2 protein chains.
Amino acid sequence: MIPLALIQDLSEKTSSKILFFVLDGLGGMPHPDVGKSELEVARIPNLDRFAALSICGVTDPIAPGITPGSGPSHLALFGYDPIRFDIGRGVLSALGIDFPIGPNDICFRANFATVDADGVITDRRAGRLATELNRELCALLRHIHLPEVEVFVETESGHRALVVFRGEGLSDFVTDTDPQRTGVPPLPAEPTNEDAAPMAQIVNSFLAEAAMVLQGQEPANALLLRGAAGMPNIPTMPQIFSLSPGAIAAYPMYRGLAKLVGMEVLETGATVWDEFETLQEHWDAHDFFYFHVKATDSAGEDGDFNQKVQVLEDVDSLIPALQRLQPDVFVITGDHSSPAALSGHSWHPVPFALFSKTCISDDISEFTERALVRGSLGRFPAQEAMLLAMGHAQKLAKYGA
Amino acid sequence: MIPLALIQDLSEKTSSKILFFVLDGLGGMPHPDVGKSELEVARIPNLDRFAALSICGVTDPIAPGITPGSGPSHLALFGYDPIRFDIGRGVLSALGIDFPIGPNDICFRANFATVDADGVITDRRAGRLATELNRELCALLRHIHLPEVEVFVETESGHRALVVFRGEGLSDFVTDTDPQRTGVPPLPAEPTNEDAAPMAQIVNSFLAEAAMVLQGQEPANALLLRGAAGMPNIPTMPQIFSLSPGAIAAYPMYRGLAKLVGMEVLETGATVWDEFETLQEHWDAHDFFYFHVKATDSAGEDGDFNQKVQVLEDVDSLIPALQRLQPDVFVITGDHSSPAALSGHSWHPVPFALFSKTCISDDISEFTERALVRGSLGRFPAQEAMLLAMGHAQKLAKYGA
């Protein structure tokens, strides 16, 4: 990939508009009974017609064979090297609940968990704790005071919480206390470099206090921490691409990711039609829109093939409305694949189609994994999507004379 | 891409011959009225047959979405990383008029421009000055003498000229004096590193003198400089590939580029048939030929769809004559795309076909953007073209035991 500094040199502010319509976990896999993927079963005439007008392909979010989390897969889609720009889980958790991360903060993702009388973990998710109970326990944990750092304990949802340590000279070079399995006790935090020894002590002191606070609060009588991370230093999309991007996403984490890369996050509702209304209202205010649809991924993660088909058909009905806004470049893709057959994220390349008036359209008439890969873009790194969009939006100056 | 040093290790001198037939700005775009590109409209039976015998694909000269200038796009085609080997505008200008750049030279592209009584630029191109007037003004500017450096002022064409400073220890780390817009005065040259302060002074002294010389010469009463650059240090094609390459190009800039990478530049005439005669005459003297056709790009840049179709049909008639020379590897491609619909260079991938007896030919029977991309090479970096050619010419030794 060409360096971000060069992209920055070439990027020009123009009036053309780019729309990235991102269906989370878009890519699927053939259902064993029917031999067809979710996209192949769904009736999606508008997506099919969109493919016919577009340049088509499939993307590798990170690299062939690699299953991405939402953080790196979105970064790739926004034009960043997802290996170089590594966002820790702790930061993703913080972004997800709008926690204002500061420069001296180290964030952890926390799980409420159940331990038995011997301190052995019996449930890593505390029976998938109710969010309301989570809030009550976080309020209790906020009474913990450590000598040299400020500690924030915030509810995410269910059994998940965020723990942030704020202080001078803290380090994120500490290991997880979550062993990622039951039948063993929580691990102590260990420093992974010399400077991080005091930080590991701080984490372990906090957890010792937390264990006392949570005593008797079964099933949530323990706290497991993982994904220590400070705020990454990422150049923003306005800086790199001279864009003024707007983000429309109903879920906090995606709003947080969008904020991290310098997008203005727009208030929106829960359904794709709510999101569409937000898009329409703000259409004049931005030259790039990230429009995130979560339901495709949720159905995939739930292993619900038919539900994913249904969501795809619903989303299909939205396409003409999006087209009527006449974006100069209209990209429909996903951040990663989430086949219902695997009940989770997967490494499968992700369907991609880009329409603009400057496209030499391919001879592809179906919006499916098998059809799109035969398009002119073939299989390509997701990181190139932004360059393609910027090129077709005529927002990149000529390189060299 | 594999390192040049490794390619150098593997490259072997053999008697096989490679022909790169480069149609400048070859790639096009569908005409809005007919929905077909220039290549799709043109009757080009010889190119179609050539595609049928070849391995086919399309190239990205720099990266997806990036519109290349001729300098970097040619470097990529000759096997160089076009980001790493950056040739400044000043050097391209010098190459374009056969100026013999020396090791102590710093070259600038110069524009004659118009400034008003307050010194504010009103026209960056001095009303697109006649070349004859340009010559007269350059003759006047040659009377300027600076204490420590030699200055050369040479006409390119229209409002464009070349200014070269020659002296010990000069630097190209100085900013442009051309603000790239009207309504503001020219900028002073500023050093971009510490060592370049004297160079910035030299440039500014020269421009102060030039302002006096040009006083009253409206519309060409000012000179704007940009693209400071010294001769790049580029390993040559003979060094890297053990080739003895010959270049056939009617336009100075392409001859200059060829010289830069170590080709012998052959004297030739203005038409493709003149160029063909040159090729035929020198066929025995070289094992690699770069044959450049400019007319495809000129028609594209002029936005003349029908003219580009006509040029393609003319070029098509030359193909059998080229085939009769029996090159062992025959590549037909462009340096970049220049769709008539965009009246200029574009980011669209570039048609590519390579014939040799060792090819496993694709099932492609049309030499068009849409057909070629379905070939076995798909979409690939132009920088790989030389490796493919060297491989099929059996000029690369086995890598590893």
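The model is predicted, with an ipTM of 0.88 and a pTM of 0.90. Chain B superposes on chain A by a rotation of 120 degrees, and the two copies meet through different surfaces.

**Confidence**
- The average pLDDT of chain A is 95, and 100% of its residues score at least 70.
- Where pLDDT is low, predicted coordinates should not be read in detail.

**Chain A overall**
- Chain A contains 15 helices and 13 strands.
- Its radius of gyration is 22 Å, close to the 21 Å given by the globule rule for 401 residues, so chain A is as compact as a globular protein of that length.
- The C-alpha trace of chain A spans about 65 × 55 × 35 Å along its principal axes.
- Of the 401 residues in chain A, 53% are buried.
- Taking contacts in chain A between residues at least 6 apart in sequence, 72% join residues at least 24 apart.

**A sheet in chain B**
- Eight strands of chain B form an open sheet with mixed pairing, in the order β9-β8-β10-β1-β11-β12-β2-β13.
- Its edge strands are β9 (264–265) and β13 (378–381) of chain B, each of which pairs on one side only.
- Within this order β1 of chain B stands next to β11; β1 (residues 18–23) and β11 (residues 329–333) pair in the parallel sense over five bridges.
- V22(B) has T333(B), in β11(B), as its bridge partner.

**Relation between the copies**
- Two copies of a chain are related by a rotation about an axis and a shift along it.

**The contact between chains A and B**
- Chain B contributes 25 residues to the contact and chain A contributes 19 residues.
- On the side of chain B that touches chain A, α4 (70–77), α5 (89–96), α14 (369–372) and β13 each supply at least two residues.
- That side of chain B comprises 13 nonpolar, eight polar and four charged residues.

Key:
Residues numbered from 1 in each chain as written. Chains lettered and ligands numbered in written order. Predicted model: local features only at pLDDT ≥ 70, side-chain atom pairs only at ≥ 80, totals over all residues. Pairing = 2+ DSSP bridges. Helix = DSSP H or I, 4+ residues; strand = E, 2+ residues; numbered from the N terminus. Least-squares fit on C-alpha atoms with pLDDT ≥ 70 in both. Contact = placed C-beta atoms within 7 Å. Nonpolar A, V, L, I, M, F, W, Y, C, P; charged D, E, K, R; others polar. Rg over C-alpha atoms; globule rule 2.2 N^0.38 Å. Buried ≥ 20, exposed ≤ 12 C-beta atoms within 10 Å, placed from the backbone. pLDDT = per-residue confidence, 0-100.
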